[in-house]
Amino acid sequence: MNETGLILFGIKSSLQSLLEWLKAFGPFGLFGISLVDSMGIPLPGGPDSVMIILSANNPALMPLYALAATAGSAIGCTLLYLAARRAGVAALKRVSVERRNSIENLLGRYDLVAVMVPAVLPPPFPFKPFVLSAGVFKLKTWRFITAVFIGRALRFLIEGWLAIRFGEDAGRIIREHGWKVLMAVVAIAGLIIGLSFLRARARRSRAAIAGRANDQDMMAPIDSINESSRRF
């Protein structure tokens, strides 16, 4: 094994040791694993494998594990987002131009949903380019945090439910049926977008009706004055 290989092997071993050490702290360790992983330092198996193992071993605490993993991931992603927001386009130097343009288009069209959907998807789907792009293209911070929190909460709750139902085989099920999860998430996102569009359209219609009603109310006194003038 060459020197580079030894260095990489040492780093991987250190990360594995860190993962095992943090895992012993239950929800607090899962919070730390999610935080580190979401900041761009991938740990072997990541928070997903730990979420499944902990939930399978202690189903009663599954909601707490999901909350810890979600909070850690949301904070880690937000720190990465803020760094990208400060760095500008330089933060996307490792992202291809095609993917960068595609993500920018998605953010422009779907805003919060464009971050929420990828946040749900299991690995190996690359979420980091969406986090960096949201920072570079200045998606509002509170909308970014909301999207990540909702997306990650759905992801970890789904993993926890699968862990309770199928035990540690849940990881294999997620890997083998990831596209089904994708289709379900896309369907949910489509429903959210559709409802948002209908609500926005309804608000515009109500505003237009209210505007016409106000115009009529304002014109009524003028018409009365004109009518009185004609009588004299």
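Author: A residue is called buried under 20% relative accessible area, exposed over 50%, and partly exposed in between (1.4 Å probe, protein chains only). The structure shown is a predicted model, in which local features need pLDDT of at least 70, side-chain atom pairs count only at pLDDT 80 or more, and totals for chains, interfaces and linings use all residues. Residues are numbered from 1 along each chain as its sequence is written, and side-chain values use heavy atoms, with hydrogens and water left out.

Reader: Is Trp21 buried or exposed?

Author: Trp21 counts as exposed, because its relative accessibility is 52%. Its place is in helix H1, which covers residues 3–23. Helices here are DSSP runs (H or I, at least four residues), numbered from the N terminus.

Reader: How many salt bridges does the structure hold?

Author: Side chains of opposite charge can pair when their charged atoms come close. The criterion is a side-chain nitrogen of Lys or Arg within 4 Å of a carboxyl oxygen of Asp or Glu. In this structure there are three salt bridges.

Reader: Which residue meets Asp48 in a salt bridge?

Author: The partner of Asp48 is Arg155, and the N to O distance between their side chains is 2.6 Å. Asp48 belongs to helix H3 and Arg155 to helix H8, so this pair ties together parts that are 107 residues apart in sequence. Asp48 is buried, with a relative accessible area of 8%; Arg155 is buried too, at 9%.

Reader: What other residue forms a salt bridge with Arg155?

Author: Glu159 does, and the closest N and O atoms of that pair are 3.8 Å apart. Arg155 and Glu159 both lie in helix H8, four residues apart, which is about one turn of the helix. Glu159 counts as buried because its relative accessibility is 2%.

Reader: Where in the chain do Arg143 and Asp111 lie?

Author: Their side chains also meet in a salt bridge, at 2.3 Å from N to O. This pair links distant parts of the chain, 32 residues apart: Arg143 is in helix H8, while Asp111 is in the loop between helix H5 (97–110) and helix H6 (112–120).

Reader: What is the relative accessible area of Arg143, and how does Asp111 count by its relative accessibility?

Author: Arg143 has a relative accessible area of 25% and is therefore partly exposed. Asp111, at 22% relative accessibility, also counts as partly exposed.

Note on methods: Helix = DSSP H or I, 4+ residues; strand = E, 2+ residues; numbered from the N terminus.
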